[in-house]
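Welcome to my notebook. I looked up a few things about this structure and wrote them down as I went.

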Amino acid sequence: MNVRISGRAPLMAAIFLIAFVSLWTACSQKEGAPVASEQKNLPPIKIAVVGSHSGDLASYGIPSVRAAQLVVDQRNAACGIAGRRIELLVEDDVCKPELAANAATKVIGDGAQVVVGHICSGATKAALGIYKEARLVAMSPSATNPALTQSGEYPNFFRTIASDDAQARLEVDFVLGRLKAQKIAVLHDKGDYGKGLAEFAKGFIEADPRGAVVLFEGITPGAVDYSAVVNKINQSGAQAVIYGGYHPEASKIVSQMRKKAMTIPFVSDDGVKDDTFIKVAGEFAEGVYATGPVDTTRNPIAIEAVAAHKAKYGEDPGAFFLNAYAATLALVNAFEKACATDYDAIVKALRSEWVATPLGIIRFDERGDAIGVGFAMYQVQGGKYAEIK
Amino acid sequence: MNWDYLLSLFMGGLTRGSIYALIALGYTMVYGIISLINFAHGEIYMIGAFTALIVIGVLTLAGWNGMAILLIAAAAAVVYAAAYGWTMERIAYRPLRRAPRLSALISAIGMSLFLQNYVRMAQTANFLPFPNLIPDFACLKPVAHIVRASEIVIYAVTALVMLLLTLLVKFTRMGKAMRATAQDREMAMLSGVDVDQVISLTFIIGSAIAAIGGVLIASHVGQINFYIGFLAGIKAFVAAVLGGIGSMPGAVLGGLVLGWTESFFTGYVSSDYEDVFAFLFLVGILIFRPSGLLGRKQTEKV
């Protein structure tokens with residue numbers, strides 16, 4: 001018994017210490033604020049950018065910092081938001097939930113008014129509760145876990161990327177509505193991404209009276225051939241196949257289906273919407289459907305943002321750059337439209353005001369998902385993916 | 001009972017099984033002669049497929065037509081893979097002939113990793129399309145949903161290879177030397193058999209057969225990358241153990257049984273647990289027949 005008590009003591013001490021330190025930083029902030037307003041006529045608006053800026057997943061986080069920096073530089077050059085300068089607070093969470101909570105506490109202590117971040121779904125989830133307590137809006141450019149918005153647990157969370165189930169939703173609507181298939185075979189590669197999508201698709205089809213899942217199977221990636229599974233699809237009488245996974249297996253399955261004279265539509269995800277798929281599957285790729293992010297290459301703001309990135313950093317932007325650019329623009333716009341920096345006003349502005357971003361003209365729904373950001377359906381036509389309107 | 005479905009699963013299993021059998025032959029021959037599990041054997045299969053792809057690319061540019069390209073590419077793959085097999089034995093296994101068996105095994109695993117990464121760096125890590133050079137015969141149209149031309153070619157080639165191999169081992173001087181080496185290496189050496197030569201030849205033949213398997217399956221499936229040898233190699237190894245490692249008819253039987261097991265299990269139960277079932281089946285067989293289906297019981301002489 002003694003051992004257990006003494007084992008707990010350091011933990012209790014640590015909790016007290018953390019509570020005390022955060023109390024202290026919060027107080028010191030309040031003391032500091034008037035001083036700042038005396039020095040300048042108005043204090044700067046502080047936007048925190050939190051994500052993975054080091055470690056394995058740094059390449060997902062750094063583009064967001066650069067995107068926010070570019071937007072902020074541009075705004076500050078044009079006298080900021082209503083005469084107030086914008087200041088960035090950059091914190092690293094290495095995509096680890098435990099560090100994300102620390103980073104969240106730190107940026108709150110530093111006086112952040114909104115947060116762009118975090119990058120990974122797990123880290124985002126860990127930080128959101130802390131932001132919610134502090135009544136702070138957090139907007140992620142990349143956290144795609146559906147529950148973050150759909151659970152309704154985090155009214156302060158917004159994102160400029162479609163959630164994982166959005167692709168499955170689009171695939172199912174397309175198959176049932178446009179292709180008018182009633183019996184659907186759902187396959188996946190047993191991986192997190194593919195199986196997750198396939199399970200969402202299965203759920204959506206089952207909830208819809210128009211269709212039924214006649215086959216739900218996981219396949220072994222890298223197997224010598226898939227003729228048994230292809231025979232099984234044939235046997236099930238499916239009128240369309242939805243596949244969750246990546247292109248190497250998809251191209252094998254499609255080729256084997258077509259060689260067996262099975263012509264039913266094959267619908268897949270952005271793991272397949274890759275030119276390698278067309279290269280490998282060749283003639284058999286023709287007519288395959290795949291969902292992918294909406295094309296932004298002709299959006300003028302996107303073109304401008306990419307050009308600004310190249311000018312400043314001398315290279316093409318990385319992952320989620322445009323999503324982070326859109327998030328920063330949306331937040332800045334919310335400050336302007338709300339004419340205030342308090343939580344309720346910002347949330348109201350985000351939900352009601354449309355804003356032009358590199359991803360298109362967007363606003364946010366009640367749950368925090370961006371309306372106007374999402375996936376489009378593409379089809380291989382003449383050896384290229386073409387968007388289906 | 002749906003006979004068409006049953007038949008198509010049977011044919012699919014036969015295709016898989018034939019490929020497993022072609023690769024398993026190499027495992028089992030090498031094991032039979034020097035008691036070494038040559039883990040790099042799957043990589044020879046992959047190198048065969050890559051060589052064929054390169055030759056096909058060159059010949060297509062030169063404007064040759066279908067069947068001739070396939071034959072030349074297959075011949076090149078066989079020669080190239082055989083050269084790899086021979087070299088591999090020379091540099092990775094011969095120096096360890098007198099070392100404990102575990103050392104040679106580690107050397108084999110190292111060789112496998114080396115060859116994989118060598119191809120990955122020298123060629124590419126991406127999947128590459130492999131052209132389908134076996135024409136779809138018009139007379140097969142009505143049964144296209146059950147069996148394809150490329151599958152019939154796979155069955156025919158597998159049967160032919162097995163026949164030739166049996167003839168070689170049973171009726172030639174070299175075959176006799178191989179059997180002698182397999183039975184007792186030292187005694188064979190004393191009777192004037194050039195054991196080194198026999199072992200080299202075993203590697204050459206095994207590698208050549210694996211290369212044929214590589215070309216056939218790549219043409220059937222339509223894509224390759226540097227990693228295809230790994231899973232195929234593991235499955236073929238299972239097939240060799242299932243049939244009784246060291247026994248050539250056993251390797252073929254093991255390959256076919258494994259192919260059918262996987263195909264029927266996927267067809268009638270679920271493909272989610274295809275591998276689980278294949279390995280459970282292996283465990284089951286080994287419990288009742290520890291030396292495999294056709295393996296001979298090893299009696300340790302004291």
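How many helices and strands are there in chain B? I found 11 helices and 2 strands in chain B, taking helices (H or I, at least four residues) and strands (E, at least two) as DSSP runs numbered from the N terminus. Before going on, I noted that this is a predicted model, where local features need pLDDT of at least 70, side-chain atom pairs count only at pLDDT 80 or more, and totals for chains, interfaces and linings use all residues. Residues are numbered from 1 along each chain as its sequence is written, while chains are lettered from A and ligands numbered from 1 in the order in which they are written.

Next entry: order. Reading chain B from the N terminus, I get α-α-α-α-β-α-α-α-α-β-α-α-α.

Then I turned to burial. Of the 302 residues of chain B, 49% count as buried (20 or more other C-beta atoms within 10 Å of the residue's own, with C-beta atoms placed from the backbone).

I also checked the extent: the C-alpha atoms of chain B fill a box of roughly 60 × 50 × 35 Å along the principal axes.

Last, the partner chain. I see 30 residues of chain B in contact with 27 residues of chain A (contact means C-beta atoms, placed from the backbone, within 7 Å). Helices 1 (3-34), 8 (195-221), 9 (228-243), 10 (248-268) and 11 (274-288) of chain B each supply at least two residues of the side that touches chain A. Helix 1 of chain B gives the most to that side, with 7 residues.

Methods
Contact = placed C-beta atoms within 7 Å. Buried ≥ 20, exposed ≤ 12 C-beta atoms within 10 Å, placed from the backbone.
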